[in-house]
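Hi everyone, thanks for coming.

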Amino acid sequence: VHWNQTAQPYPEMNIPYLFDAIADNYAKKNCISFNGNKISYSTLQQKVNQWANYLINLNLKKGDAVAIY
C-alpha cells in the first residue's frame with residue numbers, strides 16, 4: 001500500500017522533551033479546549049511540572065505506578 005509519501009525523520013527525543021519544545025514555541029496558543037475552558041501550552045507545562053515535582057517529593061521513582069482519580 002502506498003500512502004501519501006509524507007514520512008519525515010522524527011527527532012530522537014522522549015515525550016516530555018518534545019512537549020517542552022512545543023510549549024516553548026507555542027506558549028500562548030491554546031493546547032486544550034473542553035466545554036468552553038481553554039488552557040495554553042505554557043499553563044499546561046507549568047501544571048505538569050508542578051505535578052512532577054509533587055510526585056518526586058513523595059519519593060516516587062521512575063517506573064512507579066501512580067493512580068489518577
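Let's start with tyrosine 41: its relative accessibility is 18%, so it counts as buried, where buried means under 20% relative accessible area, exposed over 50% and partly exposed in between, with a 1.4 Å probe and protein chains only. Before I go on, this is a predicted model: local features need pLDDT of at least 70, side-chain atom pairs count only at pLDDT 80 or more, and totals for chains, interfaces and linings use all residues. Residues are numbered from 1 along each chain as its sequence is written, and side-chain values use heavy atoms, with hydrogens and water left out.

Now to the helix. Helices (H or I, at least four residues) and strands (E, at least two) are DSSP runs, numbered from the N terminus. In H2, the buried residues are Tyr41, Leu44 and Gln45. They cover an arc of only 100 degrees around the axis, which puts them on the same side of H2; that arc is taken from the directions from the helix axis to the C-beta atoms. What do the buried residues of H2 pack against? Their partners are helix H1 (15–25), strand S1 (30–34) and strand S2 (37–40).

Leaving aside residues up to four places away in sequence, glutamine 45 touches Phe19, Asp20, Ala23 and Asp24, a contact being heavy atoms within 4.5 Å.

On to the rings. Searching the whole structure turns up three aromatic pairs. One of them is tyrosine 26 with tyrosine 41, a tilted pair at 6.4 Å centre to centre and 45 degrees between the planes. Here, rings of Phe, Tyr and Trp (its six-membered ring) pair if their centres lie within 6.5 Å; planes under 30 degrees apart count as stacked, over 60 as edge-to-face and the rest as tilted. Phe19, Tyr26 and Tyr41 make up one aromatic cluster.

Last, the strands. S1 and S2 run antiparallel and are joined by four bridges; strands pair if DSSP finds at least two bridges between them. Phenylalanine 34 stands opposite asparagine 37 in S2. The two strands form a hairpin with two residues between them, and asparagine 35 in the turn has a positive phi of about 50 degrees.
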